[in-house]
Amino acid sequence: MARCGCVVLLLFLVIFTEVNSQQGGGDPEDPDNPHRDPSKCEICKFVAIEFQGMMDDTGKTKEVLQLGYRIDREVKKVPYKFSELRLIEAMEGVCERIMKYNIHAERKSSGRFAKGESETFKTLKGLVNKGVKVELGIPYNMWDEPSAPVHTLKKYCDAMIEEHEDAIEAWFRGDQEKTLINYLCAERVLSREEADCLQEEWTGVEKVEHNTENKEENETTEDSADAEDDSKKKKQAELDRQRIQREIERQAEQRQTQEEDEKDIEREQERDRRKREREMERRRREREDKDGKRKTEL
């Protein structure tokens, strides 16, 4: 029974850590906090990675677009791979791909941002599948919701796409010999001092060491488990449960505030998207008018 109480206590500590992770707990500016806000380097790095990924995904199609709306003009055929539509769709969709990321607190540096489940959540889901009741204070189907740092990364992604739209378009219309990370991040957005994360790659071994204080506390708890009274362990577990519940309630309020802010951002992005569409339509019409004048002169 004593050892069982120790396991329960350790499980509570794991759950508390992961819930705090899921909501972006800790000081967002602490360089040792894996749930800190994304750096400028991380923002540019993952924007470039996802944009390049969209280019790779859509560059294989052989679809041909037919452009032109007037009866007296010949329909212009443009391969989708080189079309303005492909560029617009990539710019509008790249930041949504960021929302598939999660925080992997066990990984070092920029490796903390990655797709897929963190090791802790895999463990917790494994316990649920084995019939263990795991209470996080949020529904099971919300365990995979993006954490606060991921929402922040997505917000800055939107801002970076808008701010550096011309550079991205120039890269798209060029020969694309350079990767977007080099063309945009290393050469245009980041200073040499800010670009340290661009060379970081996750190979499976770049893991952070667990907090020494927590390790010593867990080891001490386990060593003394057999000597402690079972009733004290139950009391300690209840105290931990209450502490977790208070933290969950506090961060639920934080999430609600964040969702309201995101709605404001989405409305602003929609206005910007419509503005870009009007501008693209204006450019298209200007090109069509110029083509029509050339044909008339000929």
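What percentage of the 298 residues in the protein is buried? Buried residues come to 37%, where buried means under 20% relative accessible area, exposed over 50% and partly exposed in between, with a 1.4 Å probe and protein chains only. The model is a predicted one, so to speak of local features takes pLDDT of at least 70 and side-chain atom pairs count only at pLDDT 80 or more, while totals for chains, interfaces and linings use all residues. Residues are numbered from 1 along each chain as its sequence is written, and side-chain values use heavy atoms, with hydrogens and water left out.

Now for the overall layout. The protein has nine helices and four strands, taken as DSSP runs numbered from the N terminus (helices H or I, at least four residues; strands E, at least two). Along the sequence they line up as α-α-β-β-α-β-β-α-α-α-α-α-α. Of the contacts (heavy atoms within 4.5 Å) with a separation of 6 or more, 72% link residues 24 or more positions apart.

Next comes a pair of helices. Two packed helices are described by the angle between their axes and the distance between the axes. For α2 (residues 40-58) and α5 (residues 148-163), the axes come within 10 Å and cross at roughly 75°; axes are lines fitted to C-alpha atoms, for helices over the stretch in contact, and angles run from 0 to 180 degrees between N-to-C directions. That makes α2 roughly perpendicular to α5, a label for angles of 65 to 115 degrees (under 35 is roughly parallel, over 145 roughly antiparallel, the rest oblique). On the α2 side, the residues involved are Glu 42, Ile 43, Cys 44, Phe 46, Val 47 and Phe 51, and they meet Leu 153, Tyr 156, Cys 157, Met 160 and Ile 161 in α5.

Ser 83 is buried, with a relative accessible area of 4%. Leaving aside residues up to four places away in sequence, Ser 83 touches Leu 65, Val 78 and Phe 172. Its C-alpha atom is 9.3 Å from that of Arg 173, 90 residues apart along the chain.
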